[in-house]
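Here's a quick briefing for anyone meeting this structure for the first time. Have a look at it first, then read on.

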Amino acid sequence: MRTPRIHTAQRLTANSRLELEAGPSQHLARSLRMGPGAALVLFDGSGGEYPATIVEAGRRCVVVETGGHRPVETESPLAVHLGIAVSRGERMDWIVQKATELGVSTISPLTSERTEVRLQGERAVKKQRHWREVAISACEQCGRNRVPGIQPLSSLADWIDSVSAERKFVLHHRAGPPGRAQGDPSSVALLVGPEGGLSAAEIDSAGRCQFAALQLGPRVMRTETAPLAAIAILQSRWGDMGLGSPA
């Protein structure tokens, strides 16, 4: 069995003993049925990871002992900030999960003119916490030791006016290929609309905020497909993704 990777909100140090939170404890002891002596890997999001061993395993409490810090980093050199209009159902969970696997550094859920999901107050806060848990789970699976930031829900207008990046793109099907720019950027902001797309006024507003219009190809993609395809292309062009040499 693959060694489980577990995120903890506690600050980790080498050669120390700690009690894991209820969620990870139950996952290890009840779902994976791991007991004393079993090996795992812990990370706290600050960088690197720690090999660890279970020393006590109850139904609701698992105590582990860490080994030495391993400075393992799998982060892309390209910082991608995804601004995505909130989608219905489980589509947003899918986008957060897969964008995390693709190396996005920050995700900002947005409201736009055609956004059908309306979140306010405590519902918005709960959703932000939920999406962070989705991102954490994706990090545990894909080997990332830094959890992407999940920003509070904001309006599209506020986000395009405040986001900072060396290059900015807005996806829509009427766009052309991006213009050439000098040098490779270290940061990119990517704006993607809801199921119904961005309005003409929103596209124009993004353009005034230095967002270059970008089209992925001749086919119209669904809102959960388009950002992932775009992120993969950006990571291939300026980040750390690419095809390895065949054996």
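How many residues does the largest nonpolar core have, and which of them have the most contacts inside it? That core has 35 residues, and Leu-82 and Leu-190 have the most contacts within it. Before going further, note that this is a predicted model: local features need pLDDT of at least 70, side-chain atom pairs count only at pLDDT 80 or more, and totals for chains, interfaces and linings use all residues. Residues are numbered from 1 along each chain as its sequence is written, and side-chain values use heavy atoms, with hydrogens and water left out.

**The cores**

- A nonpolar core here is a set of buried Ala, Val, Leu, Ile, Met, Phe, Trp, Tyr and Cys residues joined through side-chain atoms within 4.5 Å. Buried means under 20% relative accessible area, exposed means over 50%, and partly exposed is in between (1.4 Å probe, protein chains only).
- Strand 6 (79-85), helix 2 (91-101), helix 3 (121-142), strand 10 (167-171), strand 11 (187-192) and helix 6 (226-238) each put at least two residues into the core of 35 residues. Helices (H or I, at least four residues) and strands (E, at least two) are DSSP runs, numbered from the N terminus.
- A second, separate core holds 15 residues, among them Leu-18, Leu-28, Met-34 and Val-62.
- Leaving aside neighbours within four places in sequence, Leu-190 is in contact (heavy atoms within 4.5 Å) with residues including His-81, Leu-82, Trp-159, Phe-169 and Ile-231.
- As a bit of background, nonpolar side chains tend to be buried together in soluble globular proteins.

**Helix 6**

- The buried residues of helix 6 are Ala-226, Pro-227, Leu-228, Ala-230, Ile-231, Leu-234, Gln-235 and Trp-238.
- Strand 6, helix 2, strand 10 and strand 11 are among the elements covering those buried residues.

- An open sheet is made of 5 strands in the order 1-3-4-5-2, with mixed pairing. Two strands pair if DSSP finds at least two bridges between them.
- Strand 1 (5-7) and strand 2 (17-19) sit at the edges with a single partner strand each, so one side of each has no neighbour in the sheet.
- From one strand to the next, the twist averages 40 degrees.
- Strand 3 (residues 39-43) and strand 4 (residues 50-57) pair in the antiparallel sense over 4 bridges, and Ala-39 stands opposite Thr-53 in strand 4.
- Strand 4 and strand 5 are antiparallel too, over 5 bridges, and they form a hairpin with 4 residues between them. Across that pairing, Ala-57 stands opposite Val-62 in strand 5.
- Strand 5 also pairs with strand 2, in the antiparallel sense over 3 bridges, with Leu-18 opposite Val-64. Strand 5 is mostly covered, with 4 of its 5 residues buried.
- Helix 1 (residues 22-31) lies across strand 1, strand 3 and strand 5 (62-66), at about 160 degrees to strand 1. Axes are lines fitted to C-alpha atoms, for helices over the stretch in contact, and angles run from 0 to 180 degrees between N-to-C directions.
- Helix 3 lies across strand 1 and strand 3, at about 150 degrees to strand 1.

**Strand 6 and its partners**

- In strand 6, 6 of the 7 residues are buried, so this strand is largely enclosed by the rest of the structure.
- Strand 6 runs parallel to strand 11, paired over 6 bridges, and parallel to strand 7 (residues 106-111), joined by 5 bridges.
- His-81 stands opposite Ala-189 in strand 11, and the bridge partner of His-81 in strand 7 is Thr-106.

**Aromatic pairs**

- The structure holds 2 aromatic pairs. Rings of Phe, Tyr and Trp (its six-membered ring) pair if their centres lie within 6.5 Å; planes under 30 degrees apart count as stacked, over 60 as edge-to-face and the rest as tilted.
- Trp-159 and Phe-211 form a tilted pair, 5.8 Å centre to centre with 50 degrees between the planes.
- Trp-159 is buried at a relative accessible area of 5%, and Phe-211 is buried at 4%.
- The rings of Phe-169 and Trp-238 have centres 6.3 Å apart and planes at 15 degrees, so this pair is stacked. Phe-169 is in strand 10 and Trp-238 in helix 6, 69 residues apart.
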